[in-house]
Amino acid sequence: MKQLCVVTGTRAEYGLLKPLICAILEDAQLQLTLVVTGMHLCPEFGLTYQEIVADGFTIDEKIEILLSSDTTRGMTKSVGLAMLSFAEYFERKRPDMLVVLGDRYEIFACATAAAMAFIPIAHLYGGDTTEGAVDEFLRHSITKMSYLHFVSTDVSKKRVEQLGESPDRVFNYGALGVENILSVPLLSKPMLEKSIEFELNRNYALVTFHPVTMENESAHEQFGQLLTALDRFADLKFIFTKANSDANGRIINAMIDDYVESRSNCVAFTSMGMLRYLSAMKYASLVIGNSSSGLYETPSFHIPTINIGDRQRGRLQASSIINCSPVCDDIACAIERGLSPEWVNIAKQTVSPFGSGNTSKRIVAKIEEFLLDDKIDMKKKFYDLEV
């Protein structure tokens with residue numbers, strides 16, 4: 001059996017990886033080792049490794065890397081600690097392949113340690129662009145360290161090839177988030193209300209806002225503008241999911257706590273888990289913020305997304321997305337537009353650009369093909385585009 005090591009560091013990433021983890025477990029030729037790190041192990045972010053255990057998965061190792069810091073310096077130190085810890089883990093375990101998703105700093109550190117140990121990497125979601133976040137250069141760096149690439153669109157496939165990766169190692173099987181939406185039985189609205197202990201007796205929006213890490217100290221001002229805009233919509237309810245462990249994320253989370261405490265039409269969660277989060281998205285009138293989920297998953301529910309600011313700038317977008325600046329008046333105008341019958345109709349007709357499901361099993365089959373047929377040559381040749 002070939003051993004696949006899957007690493008997850010955040011609640012959102014785990015939710016996307018879950019069908020892939022299940023597909024690996026169902027494959028008789030592959031053995032899963034699951035490593036959790038980052039936010040999963042931090043009480044401040046909900047100790048979300050417990051959700052993984054509750055789902056019935058065995059965690060092979062917990063690797064703690066987060067420092068109690070809310071600065072870019074702290075993020076950099078966490079990268080260093082992660083590299084040291086994963087170097088030790090890979091020396092002991094020597095998996096046949098590492099599987100990682102995305103672009104966060106803990107995944108960059110993990111991939112670096114694996115690449116230096118000559119462990120082949122299968123990378124999901126390379127080739128995307130998010131020009132407002134440090135994720136942009138971290139993602140492309142992970143791409144160059146990886147051997148197999150599973151992208152979500154043909155546009156991303158072309159970008160990975162532009163980075164010198166051979167087309168015979170780059171595969172567009174769509175996004176795992178779309179597969180989750182199409183395959184996971186979601187909660188009914190009454191069950192969701194009971195689970196979150198919050199009545200959804202009128203229209204509501206799902207709100208997630210993260211720091212724009214390529215901008216200097218903008219979190220407080222931008223999120224304050226968003227909250228001021230939300231105050232103009234007294235007839236709406238709001239479900240907040242808190243920011244991740246990026247620099248200045250704690251600023252946003254403290255502002256959420258203060259806002260929700262003084263209002264009866266709001267509720268906030270450190271982590272909803274994939275099932276509750278997607279269920280809340282299904283019945284929402286709008287998704288508001290700057291999370292990638294508003295671009296990846298929301299269009300498949302045929303509801304509008306209000307995408308604020310530059311964090312997701314450059315990412316491929318469906319027709320249901322409304323972009324606006326992080327200024328109160330612009331945000332409020334975008335929300336009004338998203339609630340209009342005209343835009344609701346546009347969203348209903350939206351076709352997601354991120355595939356139509358059956359992603360996880362196709363990824364596992366391709367990984368198995370490369371591993372079992374001994375098709376991996378770590379001395380990669382740079383693929384030059386024809387000029």
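Predicted model: local features only at pLDDT ≥ 70, side-chain atom pairs only at ≥ 80, totals over all residues.
1. Local features need pLDDT of at least 70 and side-chain atom pairs count only at pLDDT 80 or more, while totals for chains, interfaces and linings use all residues. Residues are numbered from 1 along each chain as its sequence is written, and side-chain values use heavy atoms, with hydrogens and water left out.

2. Helix α3 (residues 72-93) packs against helix α4 (residues 105-116) at an angle of about 35°, and their axes are 8 Å apart. Helices here are DSSP runs of H or I with at least four residues, and strands are E runs of at least two, numbered from the N terminus. Axes are lines fitted to C-alpha atoms, for helices over the stretch in contact, and angles run from 0 to 180 degrees between N-to-C directions.

3. In α3, the residues that meet α4 include M75, V79, F86 and F90; on the α4 side, Y105, F108 and T112 are among them. Contact means heavy atoms within 4.5 Å.

4. Six of the eight residues of helix α7 (residues 176-183) are buried, that is, under 20% relative accessible area with a 1.4 Å probe, protein chains only. E179 and N180 are among the buried residues. Their cover includes α1 (11-25), β4 (97-101) and α15 (359-372).

5. Six strands form an open parallel sheet in the order β10-β9-β8-β11-β12-β13. β10 (266-269) and β13 (321-324) are at the edges with a single partner strand each, so one side of each has no neighbour in the sheet. Strands pair if DSSP finds at least two bridges between them.

6. Strand β12 (residues 305-308) is joined to β13 by four bridges. N307 has N323 in β13 as its bridge partner.

Conventions. Buried < 20%, exposed > 50% of the residue type's maximum accessible area, 1.4 Å probe, protein only.
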